[in-house]
Each structure stands twice: as C-alpha cells, then as structure tokens.
Amino acid sequence: MRKFLQRVFGNWVIRMSNKFGSRPDRKRIHDALSKLFTTINTDPGKRGLVFEISESDKFVILSDQHKGARDYADDFALAEINYLKALDYYNDSLFHYINLGDSEELWENLLESVIKHNKQTFEKEKLFINRKAFTKIFGNHDLYWDNDPLASFNLNRIYGQKVPIYEGVILKMHFDNRTLNIFLTHGHQGDLQSDGNWFSKWFVSTIWAPIQSYLQINPNTPAYDNQLKTAHNSLMYSWQSEQKDTALITGHTHQPVFASLTHLERIYLKLKNATIAKQQSEIQELNEELKKRVKKGDDIPEFKAYKPGYFNSGCCCFSDGDITGIEIEEGAIRLIKWSFQKTGAPERIVLEEMKLLALLDVT
C-alpha cells in the first residue's frame, strides 16, 4: 500500500514540499526574527523570557534531540547515553538548561510512543524543572507544544508539573554602561511550513508531516540538506550582523557554529596556523578531526570576514552518538561536545571558547 501511494502521490508531495518548504528567504526570516526579538523585549512572558545575567550565572543550551520511538528512524537512540551523562553534569553543576527546540520528534512519531520510550531522559530533564532551572523552547518538529490544546496537559503528564513553552529567550549581560543581548530561538522563524498562523502550524504538525513520514519522503529542511544548512545559517548570521550589541543562538540546522564560523571552518583555520608553526602533533589531530567532519557531510568552508555574533548549538542526534551544545559560564561562551569515541565513556570536550565581552560591537 505504501509503495502504491508513493507512486500516486509522491511527485505531488515533493512539489508541495518544495513550494511551501524551508527554502530560506531573507526578508521573511529577518522580519520574523525582528518581530520575535522586539516582542520578547517589550512584553516578556508570553512568547519568551528575559533573564538579567551576570558572570556567576551558568546556562547550557542543547537542541535537536529529536527523541523518537527507538525504531530504525530514531536519530536520538545512539546519542542518548551522551545526553544523559551531560544532563547529570549540568544538573550537578547547577546550570540552567535551555532546551532550544525539536526536543521531541513529533513529525514522525505519535506522542505516546515518544513518552513511552524516553522516560529516563524526561526524568533527567525533570531535575532541572525541580530546581526552576529549565526553559523549554519549541521548534518546527515539536510545534505540537505551541499549538495543540492538549499540549499543557501532556507536558504535565510527562514532568508531573506545569511547564511553560516559549518561542525564545533573551539573556541580558551588562558591561559598565553597555548591555549585550543574547537572543536564543530555535531558528525556524520565517519558514513557510512552520512559522505561519495557528492553522498552518497545526496542519503541518498534525496532517502534512505525518503524510511525508508515511510516504518516507524526507522533509525539505536544513537539518537534512547541506545546501539549505549553509543558506539558512548565512541568513541567521546576516540578521545578527545588523543588530547592535546582540548575539544570536539557534539550532535547527544541526550544524555547530561558533562566533559565526562553522566548526569545520575553525578546524581549517587552526590547521593553517599549526602548519605555519610546524606543530606536528596538532596537525595530525586536526587532520583526523577534519576527515571525520567531512565524512559526516559538512561542506568545505568558504572563508569570509565575519562579525562574531552568531552561534548554533548543533544537535543531540549525530549519527555517531556525539552531541554538541553551547555553554555560558563565568562571562564566557563555549561550543562543547559530549563524545565517547576517545575513552569509550561519555566525555565533555571544549571545542571553542571566547569572552562574552568580545561580542559587543566595536565603537
């Protein structure tokens, strides 16, 4: 039956997906980000929160777990061990956890299946809720949390208490007479499929996505398309570059970005410097990392002069079980990875780090 329906409807679904899908549009994305940023700043509470922070505050930002039903399509299954270990570390260290969207894969799975197969991860997340140190942002694959009348009821079932859902967060850090605004959102803003009115979002999450899933037609989305990743990240960066004293952190593309450069681009820069300095051990290590990133499908970088204010948390469902995220601690921002490839056990690795002060515009 599935093959018959693929033949009958496949081409039509692909045409409709391309027409209404995630093709990046500069004006639409910029307008959506500006509207959300202004709304949160002027009327915090409904669409997003504002936190006044200092160097003593600690935040971890993880996105795109895509928790599934532990079947062949469950991208989170291999990464769960690293994710659980990371949550233990951040809870013990009293971090505030910002879950930046697409935490649950609700385009491909029934909610009941996700709840049934992810009890342990929900219990770990609940530890942050009990400390009042958990902020949940919705993404395009878990739009359900924002638009379904039963969403709050089901969140209460999962966590045993009320959990608000937001579209974004702004962290405000003050330096003398200047303020750095760190704007966090999933990054699907401006997407015709996922960022329309209530009915369009309900239709995509409840009707359209299950059709694509059943017909096994991959959604047209930056998470699965390298060209869309690059284009989408470029437009996220272009919005941030036009703002004053503002950094932007998103997820959505599954591609880690630090200070407006992808991790792959930074490896190339480090390799160039190590080659000039003739640091053989570092050259060998960077070459190994380079091979791994290219094998995973990262595009070869195109170097440009960037304003260092755009960050992407990557994802918690890499095919080798690694997860990446962003830490903010002691006045610094870091790109981190949790991996068990070196030691066989989950290990936290700092990939990049810089001071938040450096994100203020040069005056």
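1. Start with the charged cluster: Glu327, Glu329, Arg334, Arg348 and Glu353 are tied together in a network of salt bridges. Keep in mind that this is a predicted model, and that the search over the whole structure turns up 17 salt bridges.

2. Next, the pair between Glu242 and Arg26, whose side chains meet in a salt bridge at 2.8 Å, N to O. This pair links distant parts of the chain, with Glu242 in the loop between α9 (226-241) and β8 (246-250) and Arg26 in helix α2 (residues 26-42), 216 residues apart. Neither end is hidden away: Glu242 has a relative accessible area of 48%, so it counts as partly exposed, and Arg26 is partly exposed too, at 43%.

3. Now a pair to set beside that one. Glu104 and Lys136 form a salt bridge, with 3.0 Å between the closest N and O atoms. Buried or exposed? For Glu104 and for Lys136, that is worth checking. Glu104 is buried, because its relative accessible area is 1%. Lys136 is buried as well, again with a relative accessible area of 1%.

4. The Asp74 and Arg70 salt bridge has its closest N and O atoms 2.8 Å apart. Here the two ends fall in separate classes. Asp74 is at 8% relative accessibility and therefore counts as buried, whereas Arg70, at 27%, counts as partly exposed.

5. On to the helices, with α5 (residues 119-130) to begin. It has 12 residues and reaches 16 Å from its first C-alpha to its last, close to the 16 Å expected at 1.5 Å a residue. Which of its residues are buried? They are Thr121, Phe122, Glu125, Phe128 and Ile129. These cover an arc of only 100 degrees around the axis, which means they lie on the same side of α5.

6. What do those buried residues of α5 pack against? Their partners are α3 (80-92), β3 (96-99), α4 (111-117), β4 (134-137) and α7 (151-159). Just after α5, Lys132 takes a positive phi of about 60 degrees.

7. Helix α3 has 13 residues and spans 18 Å from first C-alpha to last, close to the 18 Å expected at 1.5 Å a residue. Its buried residues are Glu80, Asn82, Tyr83, Leu84, Ala86, Leu87, Tyr90 and Asn91. The cover over them includes β2 (59-62), β3, α5, β12 (323-329), β13 (332-339) and β14 (347-355).

8. Finally, the overall numbers. The secondary structure comes to 11 helices and 14 strands, and 54% of the 363 residues count as buried. Take contacts between residues at least 6 apart in sequence: 74% of them join residues at least 24 apart. As for the surface, the protein exposes about 16600 Å², with carbon and sulfur atoms supplying 54% of that.

Notes
Residues are numbered from 1 along each chain as its sequence is written. This is a predicted model: local features need pLDDT of at least 70, side-chain atom pairs count only at pLDDT 80 or more; totals for chains, interfaces and linings use all residues. Side-chain values use heavy atoms; hydrogens and water are left out. Helices (H or I, at least four residues) and strands (E, at least two) are DSSP runs, numbered from the N terminus. The expected span of a helix is 1.5 Å times one less than its number of residues. Buried means under 20% relative accessible area, exposed over 50%, partly exposed in between (1.4 Å probe, protein chains only). The arc is that of the directions from the helix axis to the C-beta atoms. Contact means heavy atoms within 4.5 Å. Accessible areas come from the Shrake-Rupley method with a 1.4 Å probe; for residues, only the protein chains shown count as cover. A salt bridge is a side-chain nitrogen of Lys or Arg within 4 Å of a carboxyl oxygen of Asp or Glu.
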